[in-house]
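Please keep the sequence and the model side by side while going through the points.

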Amino acid sequence: MSSAPTTPNQEFPNFDQANSYVETVRELYRNGAGEYRGRRNEDQQLIAEVTSDEARLLVDGVMLGLLALSGTDDKKTTANLDSDEQIIGSHSWKSFRGEFERLLVGFGVLTNRLHRDGFGVPSYADLGEADRIKAASVMLTDFLAHNALRFGVDTSGVHKTDFKTIHTDDGGIKHERITYDKDKAKTRHELDKNIRKRGFSSSPATHQAGKISPKEYVKLRREHPEMDADDFNQAVSFYTDVRKELENRE
């Protein structure tokens, strides 16, 4: 995989390089080189405004594309992109989109600070339009993947074994061994419950896609299968360097 660009206007010929750029920024953040939070200067305020617009257009474009592919031609559905109508687990499309806006705005501000402080990565705002789209698309893809893992739509493959007591027809008792996925939601009701309880992040913490990749999430989860899923997701969402935090707990 190619290394991250070292000049503000260098293009990403492919998504691998855009992904490398995002990974480099995450690593610098985990190492304390920069912060998502904090007072923004005038340039960073402008970056935040422009990046927010780009995030909104990207997310809505994906949604409208999905509606078109599904054959949906419903003006009411399209209008609901800006409403507070709940779509799943007490979250509206508006709140979903707003969380991604917050993530990408934070990324834009963080990269500006890292570039300013000489860490060798370009500011997101200084990239050409095509490169910003690639970087933002990497962030959106990972945002969706993290949400799927966090809520139990997808899974890291951590399993748990229990024993179920069964009463037989002849009045006897037998114990059946049952192995199941520890993190995957088994019903729509459980999925909705997970979403309501866990949210997108431990507010006001930055969404975990700004800190680690989904691949790293899966690796960490497999390294800590004994943790309760809610506790694990809270740690991933809240701490800057979750690997270090989990190691300290041990």
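1. Basis of the note. This is a predicted model, in which local features need pLDDT of at least 70 and side-chain atom pairs count only at pLDDT 80 or more, whereas totals for chains, interfaces and linings use all residues. Residues are numbered from 1 along each chain as its sequence is written, and side-chain values use heavy atoms, with hydrogens and water left out.

2. Confidence. The mean pLDDT of the chain (the predictor's confidence in each residue, from 0 to 100) is 83, and 82% of the residues score at least 70. Confidence is highest in helix 1 (residues 15-30), at 96, and lowest in helix 3 (residues 75-79), where the mean is 50. Over residues 1-9 the pLDDT stays under 50, and for this stretch the model has 22 contacts beyond four places in sequence; a contact here means heavy atoms within 4.5 Å.

3. Overall make-up. The chain holds nine helices and four strands, which are DSSP runs numbered from the N terminus (helices H or I, at least four residues; strands E, at least two). Along the sequence they follow the pattern α-α-α-β-β-α-α-β-β-α-α-α-α. Of the 250 residues in the chain, 44% are buried, where buried means under 20% relative accessible area, exposed means over 50%, and partly exposed lies in between (1.4 Å probe, protein chains only). Among contacts between residues at least 6 apart in sequence, 67% join residues at least 24 apart.

4. Helix 1 against helix 4. The axes of these two helices come within 11 Å and cross at roughly 75 degrees; axes are lines fitted to C-alpha atoms, for helices over the stretch in contact, and angles run from 0 to 180 degrees between N-to-C directions. Helix 1 and helix 4 are therefore roughly perpendicular to each other, given that angles of 65 to 115 degrees count as roughly perpendicular, under 35 as roughly parallel, over 145 as roughly antiparallel and the rest as oblique. From helix 1, the residues Tyr21, Val22, Val25, Leu28 and Tyr29 meet Phe107, Leu110, Thr111 and Leu114 of helix 4.

5. Helix 8 against helix 9. Helix 8 (residues 229-238) packs with helix 9 (residues 242-249) at an angle of about 130 degrees, their axes being 8 Å apart, and the two are therefore oblique to each other. The residues that meet are Phe232, Gln234, Ala235 and Val236 on helix 8, and Val242, Leu246 and Arg249 on helix 9.

6. Asparagine 112. Which helix holds asparagine 112? Asparagine 112 belongs to helix 4 (residues 93-116), and it counts as buried because its relative accessibility is 16%. Beyond four places in sequence, asparagine 112 touches Gln44, Ile47 and Ser123. With glutamine 44 there is a side-chain to side-chain polar contact of 3.0 Å; a polar contact is a pair of N or O atoms within 3.5 Å, and within protein one must be able to donate a hydrogen and the other to accept it, while residues adjacent in sequence count only if both atoms are side-chain atoms. Isoleucine 47 lies 65 residues from asparagine 112 along the chain, with 8.6 Å between their C-alpha atoms.

7. Glutamate 99. Glutamate 99 also lies in helix 4, and with a relative accessible area of 12% it is buried. Its side chain makes a polar contact of 2.9 Å with the side chain of arginine 102. Apart from neighbours within four places in sequence, glutamate 99 is in contact with Phe143, Phe200, Ser201 and His207.

8. Asparagine 147 is found in helix 5 (residues 129-151) and counts as buried at 4% relative accessibility; not counting residues up to four places away, asparagine 147 touches Phe96, Phe200 and His207. Valine 138 is likewise in helix 5 and is buried at 8% relative accessibility. Leaving aside neighbours within four places, valine 138 is in contact with Phe15, Ala18, Asn19 and Val22.
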